[in-house]
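Hi,

Here is the structure I promised to pass on.

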Amino acid sequence: MNQYFTNNENLKSDIKTIQFNIFDETYFLYSDNGVFSKDGVDYGTRLLLETLPMSNMKGKVLDVGCGYGPIGLTVKRRTNCEVDMVDVNLRALHLTELSATKNKLNVNVYESDAYTNVEGTYNCIITNPPIRAGKKKVYEILIGAYDYLKNDGSLWFVMRKDQGVKSTLKDIENYYNLSIESKKKGFFVVCATKKVKSVDKAWYVW
Ligand SMILES: C[S@@+](CC[C@H](N)C(=O)[O-])C[C@H]1O[C@@H](n2cnc3c(N)ncnc32)[C@H](O)[C@@H]1O
């Protein structure tokens, strides 16, 4: 079965544009077969964007699993942040690049399996994680964010109740202080800030 996170060159391409209206602005996004939520921006993604504290966001932002780009491109338009966007799906990355050009937004788009090609640290990491890729991969993205966040950085993600958000929160609570920032139609938007490891604390005292 073709999944939105696999690269299948045999899957017929049928690029179309989607109009995404949010915050009284319209984005023209390119979509295609073989990408997540190809017919329109996912409700969870919208809720995540509506919940992000964009007026306070600064520095560097990473959109992990950017798909065809709604999160990173909206953040780029509404903040002064430097935005990096990664995915494993090459078709999705190509669509993000097309959409960035179409909407005149300057973002860095590149292939990465979770953080394998990511360097440096970020003020904010944002993801609507690939649930269908399995729990191991989702945790690689959520827990893996710890090492790519600045100490005062935050990870924002959206997950549905029936996708196991409650158990996920339990499983990541050793790494992060967690707060549920919005809840609608079964979707939870979570903000996770780093619990500084005792070894890091010792370093500060030193
Ligand atoms: C739920 S979709 C979200 C897409 C987009 N951010 C949105 O909100 O519409 C998850 C995305 O994660 C990507 N993905 C799957 N496995 C990945 C991995 N190992 N590393 C990075 N991205 C991955 C998928 O290709 C997909 O685009």
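Let me start with Asp24, which is exposed at 85% relative accessibility (exposed means over 50% relative accessible area, buried under 20%, partly exposed in between, with a 1.4 Å probe and protein chains only). Asp24 sits in the loop between β1 and β2 (helices, H or I with at least four residues, and strands, E with at least two, are DSSP runs numbered from the N terminus). Asp24 also has a positive phi of about 60 degrees, although it is not a glycine. For context, most residues other than glycine have a negative phi.

Before you go further, note that this is a predicted model, where local features need pLDDT of at least 70 and side-chain atom pairs count only at pLDDT 80 or more, while totals for chains, interfaces and linings use all residues. Residues are numbered from 1 along each chain as its sequence is written, and side-chain values use heavy atoms, with hydrogens and water left out.

Back to phi: Ala114 has a positive value too, about 50 degrees, and is not a glycine either. Ala114 is in the loop between β5 and β6, but it is buried, with a relative accessible area of 9%.

Now the ligand. Which residues come nearest to it? Of the 19 residues around the ligand, those are Thr45, Gly65, Asp87, Asp113 and Ala114 (a residue is near a molecule or strand if one of its heavy atoms lies within 4 Å of it). The shell consists of ten nonpolar, six polar and three charged residues. Here Ala, Val, Leu, Ile, Met, Phe, Trp, Tyr, Cys and Pro count as nonpolar, Asp, Glu, Lys and Arg as charged, and the others, Gly among them, as polar.

- Thr45: a side-chain N or O atom is 2.6 Å from an oxygen atom of the ligand.
- Gly67: a backbone N or O atom is 3.5 Å from an oxygen atom of the ligand.
- Asp113: a polar side-chain atom is 2.8 Å from a nitrogen atom of the ligand.

Taken alone, the ligand exposes 600 Å², and the protein buries 98% of that (accessible areas are from the Shrake-Rupley method with a 1.4 Å probe; for residues, only the protein chains shown count as cover).

Leaving aside residues up to four places away in sequence, Ser112 touches Val86, Asp87, Val88, Asn117 and Val118 (contact means heavy atoms within 4.5 Å).

On to charges. Side chains of opposite charge can pair when their charged atoms come close. How many salt bridges does the structure hold? Ten, where a salt bridge is a side-chain nitrogen of Lys or Arg within 4 Å of a carboxyl oxygen of Asp or Glu.

One of them joins Asp39 and Lys16, with the closest N and O atoms 2.5 Å apart. That pair links distant parts of the chain, 23 residues apart: Asp39 is in the loop between β2 (25-31) and α1 (43-51), and Lys16 is in strand β1 (residues 16-22). Asp39 is exposed at 59%, whereas Lys16 is partly exposed at 33%.

Another pairs Lys135 with Asp171, N to O at 3.9 Å. Lys135 belongs to helix α4 (residues 135-144) and Asp171 to helix α5 (residues 165-172), so this bridge ties together parts that are 36 residues apart in sequence. Lys135 is exposed at 54% and Asp171 partly exposed at 34%.

Arg160 and Asp162 also meet in a salt bridge, at 2.8 Å; Arg160 is partly exposed at 29% and Asp162 exposed at 61%. Finally, Glu25, Arg77 and Arg78 are linked in a network of salt bridges.

One last item: Asn8, in the segment before β1, is partly exposed at 25% relative accessibility.

Cheers

Terms used: A polar contact is a pair of N or O atoms within 3.5 Å; within protein, one must be able to donate a hydrogen and the other to accept it, and residues adjacent in sequence count only if both atoms are side-chain atoms.
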